[in-house]
Amino acid sequence: MVADSIKYVSFDGIIWNSVIESNTAMMFLEIRKNNDVQLVRLDLSTLKFQTKSVDHSKWTQLVGAADDLLYFIEYQDENDPNKHEYFSISWDEDIRNSLEKIPEFSEKVKHPHIYESGSEYHKTVAKFLSLDLSLSCEYLEWNDKIIISYYLRSGNEFDRYLLLLRNEDKEFKVCQDKQMKGFSPGSFFVFKDHLIFIKDQNEVCVYTG
């Protein structure tokens, strides 16, 4: 469960990758459960979604979406990332179209700044939060809001928290992930008027501010 101001939708499986199609404000997800792979088309305004199963190997990664086409990279050798192929499929058809390269996408997404542990910006955030932050953090100013992703030690591992301040007052704080081994970038992003983050690897959360 997340804060009352946040809308969310949960999925049966692990959200492996996600991309935004800017023109339609759709979010496409790659969800895996055991050896099964599903694609999800999620409307960020309503959180209504459609799913479809695909026969993709575990070395395939969703990397972009544009004009209802989904773009993938497929690695041919797990020990050599330079050996790979690109392809696309449409949402309505599973016909695989080989590509020479992946086109550039205009996601219009705002990503947070990463403040490396020990840097001056990191020390400033830690002092502001009055916390001992042993891992790097992520920070973004969004209109009258500040968003901070930070980690607190939990035994030998870390729990990741997401804090949103509006005019320096706390709007919400969410425990986003538990028992993490270390810092992982990309904890959240902003698209148009939506703050979007994934919680517990299976829940898409949307805050509209």
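Predicted model: local features only at pLDDT ≥ 70, side-chain atom pairs only at ≥ 80, totals over all residues.

Q: Which residues of helix α1 are buried?
A: An α-helix has 3.6 residues a turn, so residues three or four places apart point the same way. In α1, residues 120-129, the buried ones are H122, V125, A126 and L129. They lie on the same side of α1, because they cover an arc of only 100 degrees around the axis; the arc is that of the directions from the helix axis to the C-beta atoms. Helices (H or I, at least four residues) and strands (E, at least two) are DSSP runs, numbered from the N terminus.

Q: How many aromatic pairs does a search of the whole structure find?
A: Rings of Phe, Tyr and Trp (its six-membered ring) pair if their centres lie within 6.5 Å; planes under 30 degrees apart are stacked, over 60 edge-to-face, and the rest tilted. The search finds ten aromatic pairs. One of them, Y115 with Y139, is stacked, at 5.5 Å centre to centre and 25 degrees between the planes. Y115 lies in strand β11 (residues 113-115) and Y139 in strand β12 (residues 137-142), so this pair ties together parts 24 residues apart in sequence. Both Y115 and Y139 are buried.

Q: What kind of pair do W142 and Y207 form?
A: Their ring centres are 6.4 Å apart and the planes stand at 80 degrees, so the pair is edge-to-face. W142 is in strand β12 and Y207 in strand β18 (residues 203-208), so parts 65 residues apart in sequence are tied together. W142 is buried at 1% relative accessible area, and Y207 is buried at 2%.

Q: Where does the charged end of R96 sit?
A: A charge sits over a ring if NZ of Lys or CZ of Arg is within 6 Å of the ring centre and within 35 degrees of the ring normal. The charged end of R96 sits over the ring of F87, 3.8 Å from its centre. K52 lies over the face of W91, 5.4 Å from the ring centre.

Q: What is the volume of the largest pocket, and what lines it?
A: Rolling a probe the size of a water molecule over the atoms shows where empty space is left. On a 1 Å grid over the protein atoms alone, a pocket is an open set of points where a 1.4 Å probe fits, with protein on both sides within 12 Å along at least five of seven lines; lining residues have an atom within 4 Å of a point. Grid points are joined across faces, edges and corners, and a volume is the space filled by probe spheres set on the points. The largest pocket has a volume of about 640 Å³. Its lining has 27 residues, and R160, P185, G186, S187 and I198 lie nearest its centre. β2 gives the largest share of this lining, seven residues.

Terms used: Residues numbered from 1 in each chain as written. Heavy atoms only, no water. Buried < 20%, exposed > 50% of the residue type's maximum accessible area, 1.4 Å probe, protein only.
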